[in-house]
Structures are given as C-alpha cells and as structure tokens.
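Here is a short report for a first look at a protein model. Have the sequence and the 3D view open as you read.

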Amino acid sequence: MKIKVNPGSDNFLLFVLACLNFTHIMDFMIMMPMGPQLMRHFGIGPQAFSFLVSAYSLSAGVSGFTAAFFVDRFPRKHVLVTAYAGFLVGTVACGVAPTYEWLAVARLLAGLFGGVLGAQVLSIVGDTFPYERRAQAMSIVMTAFSVASVVGVPFGLWLATTLSWHAPFLVVAGLGIVVLFLLWRFVPRLDGHLIKGEKRPHPLAVLTNILKTPNQLRALWLTTTIMLGHFSIIPFIAPYLVANAGFGENHLYLIYLVGGLLTIFTAPVVGKLADQRGKYPIFVIFALLSLIPIYLITNLTSGSLVVVLFVSGLFFIFSNGRLIPTQAMTASVVLAQQRGGFMSINSSVQLLAQAIATYGAGLIIQKTPTGQLLHYSTVGYLAMIAIFASVFIARTVKPVSEAAEPSEPSEPGLAGIVGIKQD
C-alpha cells in the first residue's frame with residue numbers, strides 16, 4: 001500500500017502518528033531483546049529484569065488513569081505534544097542511566113508520559129475516521145510496530161552490541177526530536193470533541209460513565225484479558241530462546257526483522273478484512289490461531305534458526321492480527337466527547353495488565369545455576385487460557401450506536417469496500 005504524504009491530509013496525519021508510534025514502541029520493545037545483555041551486565045535474574053520491563057507499564061498505567069480525568073478538556077494536539085516531550089526527557093534519562101536503580105527510575109519517568117501517548121493516538125484516529133474505515137486506519141498507524149521490529153530493534157541491538165546498551169535510547173531520543181517537530185507543525189488542533197457554550201462535565205464523569213455502562217466495562221475487560229495473555233510471555237522470549245533453546249544471541253535481531261516484515265504486509269490486509277467482514281469474526285480467527293505459536297514458543301527446545309524464525313513469525317502475524325480489530329472495537333464504544341478519557345482509562349488498564357503479567361511471569365519463571373529458565377511453559381499455558389477467554393468477552397463488545405440497540409446485529413454489512421485512499 002502506498003500512502004499519500006500530503007500535509008493536511010488524513011493519510012499524512014496517519015504517517016505522523018505512525019512516526020510517533022515508531023519511536024514510542026521502539027523505546028518499549030528494545031528492553032526485551034536486550035534481556036540477556038542487561039541480565040548479564042547488571043548481574044540480575046528474571047524477577048529483577050521483569051521489574052525493569054514492568055516499571056514502564058506500571059507508571060504509564062497510573063499516568064494514563066490520571067490523565068483520563070482531564071484530557072477531554074483540551075485539544076488532542078496539545079495533550080499529545082506535551083506528553084511526547086515528557087516521554088523524550090524520560091528516554092534521554094534511560095540513555096544516561098549509570099546503574100540498574102537509575103535505569104529503573106528512568107523507565108518509570110518515561111512511562112509517566114508514555115502512558116498518555118497511546119490513548120491519544122487511538123483517540124485521534126477514532127475522531128478522524130468513521131467506524132467503517134477505522135480498522136484499516138488503525139492498521140496503518142500500527143505498522144509502526146512492524147517498522148520498529150524490522151528497522152528499530154535490529155538497529156538498536158546492533159548499537160547495544162557495538163557501543164553499549166545506552167545507545168539505543170539516545171538514538172530514539174534523537175529521532176523523537178524530529179517527530180516532535182512534525183507533531184507541532186502538521187497535526188491539526190483537533191478540538192471538535194470540546195463542549196462549547198455548555199457546562200463542562202465533572203472530571204470524575206469519565207469514571208462514573210464507564211461504571212454505569214456495561215459495554216465500556218466489557219471493553220476494558222477484553223483489553224485486560226488480552227494483555228495478561230500477551231505480555232506474560234513476550235519479555236522472556238529472547239532470554240528463554242538463548243538460555244534454553246540454544247539460539248544465538250547475535251541472531252535475536254532476526255526474530256524482530258522477520259516478524260516485522262511479515263506484519264508490514266499482513267496488518268493492512270487484516271484491517272481491510274476487519275472493516276469488510278466484521279471486527280469480531282476477524283478477531284476470533286486470529287485469537288485462536290495465536291494459541292499455536294504461544295504453545296510452540298514456550299515449549300521450544302530447538303535453537304534451529306529456521307524453526308525459531310518460523311514459529312516467531314507466526315506469533316507476530318497472529319498476535320498483530322488479533323490486536324488490530326481489538327483496537328478498532330475498543331475505540332468505538334464511546335462517543336467522541338468521551339473518547340479521550342475512555343481511551344486513557346483503557347490504555348491505563350492495558351498498561352497495568354502488562355505490568356502485572358510481566359512481573360507475575362517473572363515470579364513464576366526461575367533461573368537455574370546454569371542459566372536456564374524453568375516454568376516458562378506454565379506461563380505459556382496461562383497465556384493461552386487468557387487469550388481463549390478473550391474470544392467470549394469480545395463477543396459482548398459493540399460499537400456505541402449499537403450498544404443502545406441490542407436487537408441490531410453487531411456487525412452490519414458494508415456496501416462495497418470502504419478504505420483509506422491509495423495511489
């Protein structure tokens with residue numbers, strides 16, 4: 001797919017948001033493949049490493065929850081630019097951290113601002129694109145994950161190996177300065193959700209509205225369940241493959257390179273299918289398919305390059321395919337006036353679930369004197385149960401207009417293919 005890059009167009013807005021996501025995701029992702037290096041450098045075990053990963057999610061979850069009470073009172077652009085500037089400060093702090101303790105504090109700082117970013121990006125997409133085009137728009141923004149995997153993580157690992165583990169964070173911060181300019185220069189004000197000429201709702205209204213709306217609660221439940229299954233296994237993929245399967249540490253970048261390349265091609269297809277065939281049916285297919293690589297990865301004993309890349313490639317495709325319709329569904333359970341607050345709560349719940357899943361997995365997994373990791377398969381089985389349960393939860397989540405009319409079908413047929421304009 002070729003996206004037109006014209007300042008002021010919807011497609012250029014997606015391009016800028018994808019650039020933001022690239023730096024944001026790379027900052028988060030680079031921690032996990034550097035697991036073997038960081039554990040060796042600081043002399044720490046799985047539990048201490050899992051705290052480094054979960055520290056970001058923990059502070060991001062808290063800040064996202066707090067932001068939910070005021071973000072809908074400001075233009076989307078102002079919130080996005082402020083949060084991104086703070087995130088870059090935290091990333092620089094990671095790059096200059098001298099010790100494990102300082103790195104943990106720096107991750108908390110980066111997460112404090114990063115927790116606001118994801119929700120604002122999804123809110124902007126939700127405000128800009130109608131429901132019939134939303135999944136494909138989400139897939140374009142989420143290609144940043146693929147590009148981060150293909151370019152960012154391999155390059156970051158090369159920097160960490162060639163220079164030091166500090167280097168990837170400093171490079172991300174440098175790229176972020178360019179992205180910050182793009183955000184300030186080209187993202188529109190986006191204040192259509194602001195209530196003009198009327199009394200502003202109480203800040204706590206976003207929370208009370210969620211508590212009074214079962215459909216929104218089910219969307220949060222869906223997010224929590226998926227993240228518990230997803231992030232219980234992801235942080236330990238690299239350490240497990242190196243320590244238990246005998247996979248070469250110098251080949252770790254290939255996992256992200258191959259997986260990212262695959263999702264660059266599959267993500268737009270999944271987005272288009274979700275808009276055409278229905279978000280829920282596509283979610284079910286990919287959620288069930290993702291159980292296969294989860295089982296294989298957490299029980300893998302072969303360090304063969306072909307085997308590892310095949311299994312991890314399936315994991316990338318199916319997990320990414322599961323996430324695209326999920327994001328479209330959760331962004332559609334509220335009206336634009338409440339979307340920023342709800343998506344902040346949703347992002348907060350997602351991040352806190354990530355932190356719980358990561359740290360919980362670190363408590364289950366044990367490291368032997370020889371360096372091997374035990375009980376990773378147990379974590380895999382728990383993850384599979386969570387993903388399987390999400391299929392039944394997702395069935396109850398409906399777009400806001402349909403939530404008020406439960407007798408209507410959950411996915412009305414779409415006349416023709418409605419997608420993002422392409423060359």
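The sections below go from the whole chain to single residues.

## Basis of the model

This is a predicted model, in which local features need pLDDT of at least 70, side-chain atom pairs count only at pLDDT 80 or more, and totals for chains, interfaces and linings use all residues. Residues are numbered from 1 along each chain as its sequence is written, and side-chain values use heavy atoms, with hydrogens and water left out.

## Overall make-up

The protein has 16 helices and 2 strands. These are DSSP runs, numbered from the N terminus: helices are H or I with at least four residues, strands are E with at least two. Of its 423 residues, 56% count as buried. Buried means under 20% relative accessible area, exposed means over 50%, and partly exposed lies in between (1.4 Å probe, protein chains only).

Take contacts (heavy atoms within 4.5 Å) between residues at least 6 apart in sequence: 85% join residues at least 24 apart. The protein exposes about 16800 Å², and carbon and sulfur atoms supply 69% of that area. Accessible areas come from the Shrake-Rupley method with a 1.4 Å probe; for residues, only the protein chains shown count as cover.

## Nonpolar cores

A nonpolar core is a set of buried Ala, Val, Leu, Ile, Met, Phe, Trp, Tyr and Cys residues joined through side-chain atoms within 4.5 Å. The largest one has 123 residues. Leu183, Leu241, Ile255, Phe283 and Tyr376 have the most contacts inside it. Helix H1 (residues 10–29) gives the largest share of this core, 13 residues. A second, separate core has 12 residues, including Ala135, Ala274, Ile282 and Ile324.

Which residues does leucine 183 touch? Leaving out residues up to four places away in sequence, they are Val16, Leu20, Lys77, Leu80, Val81 and Tyr84.

## Two loop residues

Glycine 278 sits in the loop between helix H11 (252–277) and helix H12 (279–298). Glycine 278 is buried, at 3% relative accessible area. Glutamate 132 is 146 residues away from glycine 278 in sequence, yet their C-alpha atoms are 9.6 Å apart in space.

Histidine 375 lies in the loop between strand S2 (373–374) and helix H15 (376–394). Its phi is near 75°, a positive value in a residue other than glycine. Is histidine 375 buried or partly exposed? Histidine 375 counts as partly exposed because its relative accessibility is 42%.

## A residue in helix H14

Tyrosine 359 is part of helix H14 (residues 336–364). At 31% relative accessibility, tyrosine 359 counts as partly exposed.
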